[in-house]
Amino acid sequence: MIRTVDRASLTRWPARLLVLALALLTLSGCATWRGAAPPPAADDAARLAVDAAMAYATQGAREAELAERSDWRLKGRVAFANGKDGATVQIDWTQSGDAFDIRLSAPITGRQWRLSGRPGQAELLGFDDGPRRATDAEALLRDATGWDLPVDHFPRWVRGARGAGSAAGLLVDADGLPQGWEQAGWAVQFRDWWPGEPPLPRRVFAARDPASVRLIITEWSEGP
């Protein structure tokens, strides 16, 4: 027996299929949105939160290790800039606990300065009128030479650790080494590292408008 289909029923089926397809797509879309996978923005926020937590944990472990190794010495060169004025000198910095001994020498003229002391007291040598003393080592050096060196924070910054007090904007690279942060009005950046356990910075830049300090470390040693 041959079954016949009228033309009207054939024209109604495509419309019914279209309605059914739209309904299935709508249900599928709702399931995707309400299911286990969150929207992309929520994914990004969660990932950033995890990355930040890991960065601070890694940096905290690094700083705890470095805190137990408070005696060290570095040699290199440092470029100071303050507006239009600038100078590049050799640097030899010895740190024993909270006591510092910083020797600066101009490679061309041979002139030398020596800044030493500890928090709350500092002495600067290298002037014909004799030593100069103050309670603020950073201000003492700036007033005498025009160079800005954040002496209070640099003993930790030069080893890739944050100084005392709050710091913001910590960034670390894929190896867990800090790339920089902001502290005490300075933007601190680390451009290169010496290998070791832990690795120590090779190039440290710090800027606080209009001043900047660019330190290239050629030698590290530890111990009294």
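The model is predicted, so local features need pLDDT of at least 70 and side-chain atom pairs count only at pLDDT 80 or more, while totals for chains, interfaces and linings use all residues. Residues are numbered from 1 along each chain as its sequence is written, and side-chain values use heavy atoms, with hydrogens and water left out.

**Count**
- A salt bridge is a side-chain nitrogen of Lys or Arg within 4 Å of a carboxyl oxygen of Asp or Glu.
- By this rule there are 14 salt bridges.

**Individual pairs**
- Arg 103 and Asp 101 form a salt bridge, with N to O at 3.5 Å.
- Arg 103 is partly exposed at 39%, whereas Asp 101 is buried at 17%.
- Glu 65 pairs with Arg 69, and their closest N and O atoms are 3.2 Å apart.
- Glu 65 has 34% relative accessibility and is partly exposed; Arg 69, at 25%, is also partly exposed.

**A pair between strands**
- Arg 202 and Asp 192 meet in a salt bridge at 2.8 Å, N to O.
- This pair links distant parts of the chain, 10 residues apart: Arg 202 lies in strand S10 (residues 200-208) and Asp 192 in strand S9 (residues 186-194).
- Strands are DSSP runs of E, at least two residues, numbered from the N terminus.
- Arg 202 is partly exposed at 23%, and Asp 192 is partly exposed at 29%.

Notes. Buried means under 20% relative accessible area, exposed over 50%, partly exposed in between (1.4 Å probe, protein chains only). Helices (H or I, at least four residues) and strands (E, at least two) are DSSP runs, numbered from the N terminus.
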